[in-house]
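Visitor: I have a model open and want to learn how to read it. Please take me through it feature by feature.

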Protein chains: 2
Amino acid sequence: MDENGNGLLVIKLGGTEGVDFQAICQDVAALLGEGRRLVLVHGGSAEATALGEALGYPPRFITSPSGHTSRYTDRRTLEIFAMAVNGKINTFLVEQLQALGVNAVGLSGVDGRLLLAERKESVISVENGRRRIIRDDFSGKIEQVNTPLLRALLEGGYTPVVAPLALSHQGETLNVDADRAAAMIAAALKAHTLILLTAAPGLLRHFPDVNSLIPELKLAQIEQAIEAAQGRMKKKVLGAQEALQGGVQRVLIADGRVDFPIRRALKGEGTAIFA
Amino acid sequence: MDENGNGLLVIKLGGTEGVDFQAICQDVAALLGEGRRLVLVHGGSAEATALGEALGYPPRFITSPSGHTSRYTDRRTLEIFAMAVNGKINTFLVEQLQALGVNAVGLSGVDGRLLLAERKESVISVENGRRRIIRDDFSGKIEQVNTPLLRALLEGGYTPVVAPLALSHQGETLNVDADRAAAMIAAALKAHTLILLTAAPGLLRHFPDVNSLIPELKLAQIEQAIEAAQGRMKKKVLGAQEALQGGVQRVLIADGRVDFPIRRALKGEGTAIFA
């Protein structure tokens, strides 16, 4: 049990190459045995990209005027994303956990209105210096987490495993960022700790120099870290900020490619960000 | 509320061409408004076949010595089946229901060990008159339904939507028959009525002559009906038998291609089979 007395951890598993799902699942089983309760959130971009390519519908990406890159999710891409993320990764992650004796339940944010998001009605894409408005993008920003379903599952002894889809206010399925989904879920459940497992040893001051690992950071210093972070790491730090502002006490960004990844993170390997 | 006092219906939606998911979802929303509680179970063979073909991995089928045909589910086929059935059909059926105000939760039998099945360790396939033993088939026969998860969801006001995957005793994901999954769930929940919606007006004495519809049948007469039934209908009648032997009071095999398909079935269109 942690200081919050609820022992609840929210853990995000990156879909990035090298993250060791089996080691994470074994750690989950061990921690549950010690009385911890856990909620897992996973990504799946790489798998969705591979499926799109195999189906002759490769992903396209949108670059926003501020330089952020995101998947252009038209309805066909959304279907491919749902098949890869909810159909394959979620199902077989639950299978892997069940084989280790963890009574996991797979969900996406569409189930029981778990994650309600605002659909971005129009997205500005910058292509070769020209701006284009995209109106058929099914992605969104999570605004609300419906905790009763998660709490009921946790109280029933289940371990929820959440895929990054959400429901819009109009009832449309949306693609959402998994790091920020994990952050919103951690805040809504008042989890003590959010762990973001990734294919890096933590947050690096000078990416990709692994010797520049930042071991600890305060929320007050996070704006600088967001500036400095590269690529996908930017969304993790943004997620960390949202979680801490939402009441989570610490966020650990840690290596998901090692054995005992969760326990190593809890012991202080990686980057710890405090409120 | 029905005679059992619980108002619980279990409804199987065929994946067959022509079954009108939108009409079924609208009927579900109306019935929930009248105080009914429902569990939906869906198939997805056609979608899995289409995905396999698009991925260059078309389905192969096994013909048993007694003439039954089933999908040969090696591990790659299982992944394709999970993507199509759990990733696409389940996700977007939940989306369709949510857009109508139904608080649906999608599950497969892997989640929370909802459906435990025995894996067929070896399957005999007859090809051109020669017998072949297949050992890498991931399909199974459901042996146990874990009702507490379904009951908790129903009591929480959710409508469970179940995809036909199960977990083996060894923790492997298995492909299971959706009609029989619905039958096992109906029996385990002691539902009063199981409705199997399909692309036919009901059980026909002389398939495909729609004028030979059998309006009513007793469990005692069902062996003959199993003999007479063609193709997929055989599994529905087998499912009906299992449900009635398990304590369900009536099974309705009815047309899923019409408007108000559930209410039409409840009013007596289609075939009613009684214990």
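Visitor: What is the strand order of the open sheet of eight strands in chain B?

Guide: First, the ground rules. This is a predicted model: local features need pLDDT of at least 70, side-chain atom pairs count only at pLDDT 80 or more, and totals for chains, interfaces and linings use all residues. Residues are numbered from 1 along each chain as its sequence is written, while chains are lettered from A and ligands numbered from 1 in the order in which they are written.
Now the terms. Helices (H or I, at least four residues) and strands (E, at least two) are DSSP runs, numbered from the N terminus. Two strands pair if DSSP finds at least two bridges between them. In chain B the order is 5-10-2-1-13-15-16-14, with mixed pairing.

Visitor: Which are the edge strands there?

Guide: Look for strands that pair on one side only: in chain B these are strand 5 (104–108) and strand 14 (216–218). Strand 14 of chain B runs parallel to strand 16 (residues 271–274), with three bridges between them. B:Lys218 has B:Phe274 of strand 16 as its bridge partner.

Visitor: Which strands does strand 6 of chain B join by bridges?

Guide: Strand 6 (residues 115–119) of chain B runs antiparallel to strand 9 (residues 140–145), joined by five bridges. There B:Leu115 sits opposite B:Val145. Two bridges link strand 6 of chain B to strand 11 (residues 165–168), in parallel. In that pair B:Ala117 faces B:Ser168.

Visitor: Now chain A. Why is strand 2 described as largely enclosed?

Guide: Start with the cut-offs. A residue is buried if 20 or more other C-beta atoms lie within 10 Å of its own, exposed if 12 or fewer, and partly exposed in between; C-beta atoms are placed from the backbone. Strand 2 (residues 37–42) of chain A is largely enclosed by the rest of the structure because six of its six residues are buried.

Visitor: Which residues point which way from strand 2 of chain A?

Guide: In a regular strand the side chains alternate between the two faces of the sheet. Here A:Arg37, A:Val39 and A:Val41 point one way, and A:Leu38, A:Leu40 and A:His42 the other.

Visitor: Through which helix does the chain cross from strand 1 to strand 2 of chain A?

Guide: The path goes through helix 1 (residues 21–33) of chain A, and this β-α-β crossover is right-handed. The test: with the strands pointing away from the viewer, the path from the first strand over the helix to the second runs clockwise. Strands 1 and 2 of chain A run parallel, joined by six bridges. A:Leu8 stands opposite A:Arg37. Strand 2 of chain A is also parallel to strand 10 (residues 159–163), through two bridges.

Visitor: How many residues of chain A are in contact with chain B?

Guide: Contact means C-beta atoms, placed from the backbone, within 7 Å. By that rule, 31 residues of chain A touch 31 residues of chain B. On the chain A side, the elements that give two or more residues are helix 3 (75–99), strand 5 (104–108), helix 4 (147–155) and strand 11 (165–168). Helix 3 of chain A gives the largest share, 13 residues.

Note on methods: Contact = placed C-beta atoms within 7 Å.
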